[in-house]
Amino acid sequence: MKGSKMSQVFLLRHAKAVWPSPGQKDFDRTLDTVGIDDARILGQELRRSGLKPEIVICSTAIRARQTLEYLDLEPPFVLEQSEKLFSGGPDAYLMTIRMAGLEHDKANSVMLVGHNPMMEDLAIALAGRGQPPSHPDLQSGFPTAGLAVIQFDDPLAEIRTGTGTLQAFFASAHH
């Protein structure tokens, strides 16, 4: 039955990374010390708030994988990596959420660990039931180690833009 299953989407932008050194690929950038601290603190806040994704899909970029590592999420959760979260646009991010909902039809929550501008664009597009045109927390941009938790009245496989409500927004003290 449609609408019978609520779901949550966690949109996490990777924590602060070092600037690429000469010849280094953007993909290979690592977190700096501020980024590591921010990811650890965010992990503590998530545990305190009781928010926990059942599926985590992480960009294959090193800084995204490190962010997830330092977040130190409590198991169990299904972990997948997706190159699309490094190279794709907001549409690829939305499709990733829907596909996760189809592949794991018992799951009600998914976290994407990815990059801007896709995170910000998708968060604003999804959280349409908040305060249009943009939620106040998102108006100043989507900081590194920023996490938007958006709630939907539909299962993950059926979420659409404009139908979510921003439930929580976490941003580090460094912003």
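This is a predicted model: local features need pLDDT of at least 70, side-chain atom pairs count only at pLDDT 80 or more; totals for chains, interfaces and linings use all residues.
Six strands make up an open sheet, and their order across it is β3-β2-β4-β1-β5-β6, with mixed pairing. At the edges stand β3 (78-82) and β6, each of which pairs on one side only. From one strand to the next, the twist averages 20°.

Some of the pairings can be followed strand by strand. β1 and β4 run in the parallel sense and are joined over six bridges, and here Q8 has S109 of β4 as its bridge partner. β2 and β4 also pair in the parallel sense, over four bridges, with V56 standing opposite M111 in β4. β5 and β6, by contrast, are paired in the antiparallel sense over five bridges, and Q151 stands opposite T165 in β6.

## A strand enclosed on both faces

Is strand β4 largely enclosed by the rest of the structure or left open? Six of the six residues of β4 are buried, so the strand is largely enclosed by the rest of the structure.

In a regular strand the side chains alternate between the two faces of the sheet. In β4, S109, M111 and V113 are buried on one side, while V110, L112 and G114 are buried on the other, and both faces are therefore covered.

Helix α5 (residues 118-126) lies across β1, β4 and β5, and runs at about 155° to β1. The buried residues of α5 are M118, M119, L122, A123 and L126; they cover an arc of only 125° around the axis, which puts them on the same side of α5.

The length of α1 can be checked against a simple expectation: at 1.5 Å a residue, its 17 residues should span 24 Å, and the C-alpha atoms at its ends are 24 Å apart, which agrees.

Which residues of α1 are buried? They are G35, I36, D38, A39, L42, G43 and L46, and, seen down the axis of the helix, the buried residues fall within an arc of 165°, so they line one face of α1. What covers these buried residues includes β1, α2, β4, β5 and β6, whereas the face turned away from the buried side carries the exposed residues T33 and R48.

## Two aromatic pairs

A search of the whole structure finds two aromatic pairs. In one of them, the rings of F27 and F86 have their centres 5.0 Å apart and their planes at 90°, so the pair is edge-to-face. F27 lies in the loop between β1 (7-13) and α1 (33-49), and F86 lies in helix α3 (residues 84-87), so this pair ties together parts that are 59 residues apart in sequence. F27 is partly exposed, with a relative accessible area of 24%, and F86 is partly exposed as well, with a relative accessible area of 23%.

F142 and F169 form another edge-to-face pair, with 5.4 Å from centre to centre and 80° between the planes. F142 lies in the loop between α6 (136-139) and β5 (147-152), and F169 belongs to strand β6 (residues 165-170), so the pair ties together parts that are 27 residues apart in sequence. Both F142 and F169 are buried.

Conventions
Residues are numbered from 1 along each chain as its sequence is written. Side-chain values use heavy atoms; hydrogens and water are left out. Rings of Phe, Tyr and Trp (its six-membered ring) pair if their centres lie within 6.5 Å; planes under 30 degrees apart count as stacked, over 60 as edge-to-face and the rest as tilted. Helices (H or I, at least four residues) and strands (E, at least two) are DSSP runs, numbered from the N terminus. Buried means under 20% relative accessible area, exposed over 50%, partly exposed in between (1.4 Å probe, protein chains only). Two strands pair if DSSP finds at least two bridges between them. Axes are lines fitted to C-alpha atoms, for helices over the stretch in contact, and angles run from 0 to 180 degrees between N-to-C directions. Contact means heavy atoms within 4.5 Å. The expected span of a helix is 1.5 Å times one less than its number of residues. The arc is that of the directions from the helix axis to the C-beta atoms.
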